[in-house]
Amino acid sequence: MTVRPVAAPILIAAALWAGGAAAQPAAAPPAWEKMGVQAYEPPKPAPAFALPALDGRTVRLEDQKGKALLLFFWATW
């Protein structure tokens with residue numbers, strides 16, 4: 001494979017630029033705590049549970065896997 005004389009200096013300059021950019025320290029992150037920002041925690045799977053349906057049968061969460069599900073939990077006290 002032959003490299004054209006014009007392409008070689010461009011490749012060398014690109015390599016030097018990339019190496020220099022990597023050697024520079026990253027900017028300090030902003031003070032997230034002062035802004036009230038909380039770290040993102042990946043979602044966790046829902047715990048396994050079973051609830052009675054209106055018709056008397058038991059509905060288990062794992063039986064609904066792969067389906068769109070909207071849960072309403074409410075209480076009166």
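**Figure 1. Asp63 and Arg60 form a salt bridge in this predicted model.** The closest N and O atoms of Asp63 and Arg60 lie 3.0 Å apart. As a general point, side chains of opposite charge can pair when their charged atoms come close.

**Figure 2. A network of salt bridges links Arg60, Glu62 and Asp63.** Here the view takes in another partner of Arg60. The side chain of Glu62 meets that of Arg60 in a salt bridge, with 3.5 Å from N to O. Is Glu62 buried, partly exposed or exposed? Its relative accessibility is 42%, so Glu62 counts as partly exposed. Arg60 takes part in both contacts, one with Glu62 and one with Asp63.

**Figure 3. Asp55 pairs with Arg57 in a salt bridge.** In this close-up, the closest N and O atoms of Asp55 and Arg57 are 3.1 Å apart. Exposed means over 50% relative accessible area, and Asp55 reaches 58%, so it counts as exposed. How many salt bridges does a search of the whole structure find? The search finds 3.

**Figure 4. The largest pocket holds about 360 Å³ of space.** Which residues lie nearest the centre of this pocket? They are Leu51, Pro52, Ala53, Val59 and Leu71, from a lining of 14 residues. Two strands contribute to the lining: S1, residues 50-52, and S2, residues 58-60, each supply at least two of its residues. Sorted by class, the lining has 12 nonpolar residues, along with 1 polar and 1 charged.

**Figure 5. Val59 sits in strand S2 and lies among the residues nearest the centre of the largest pocket.** With a relative accessible area of 27%, Val59 is partly exposed.

**Figure 6. Leu51, Leu69, Leu71 and Phe73 make a nonpolar surface patch.** The patch covers about 390 Å². Two of its members, Leu51 and Leu71, are also among the residues nearest the centre of the largest pocket. Where does Phe73 lie in the chain? Phe73 belongs to the segment after S2. Its relative accessible area is 59%, so Phe73 is exposed.

**Figure 7. The protein chain, seen as a whole, has 2 helices and 2 strands.** Following the sequence, the elements come in the pattern α-α-β-β. Of the 77 residues in the protein chain, 1% are buried. The accessible surface of the chain is about 8,000 Å², and carbon and sulfur atoms account for 66% of that area.

Note on methods:
Residues numbered from 1 in each chain as written. Predicted model: local features only at pLDDT ≥ 70, side-chain atom pairs only at ≥ 80, totals over all residues. Heavy atoms only, no water. Salt bridge = Lys/Arg side-chain N within 4 Å of Asp/Glu carboxyl O. Buried < 20%, exposed > 50% of the residue type's maximum accessible area, 1.4 Å probe, protein only. 1 Å grid on protein atoms, 1.4 Å probe; cavity = no way out; pocket = protein on both sides within 12 Å on 5 of 7 lines; lining within 4 Å. Points joined across faces, edges and corners; volume = space filled by probe spheres on them. Helix = DSSP H or I, 4+ residues; strand = E, 2+ residues; numbered from the N terminus. Nonpolar A, V, L, I, M, F, W, Y, C, P; charged D, E, K, R; others polar. Patch = residues over 30% accessible without salt bridge, like charges linked within 9 Å, V, L, I, M, F, W, Y side chains within 5 Å. Areas by Shrake-Rupley, 256 points an atom, 1.4 Å probe, with all protein chains shown as cover.
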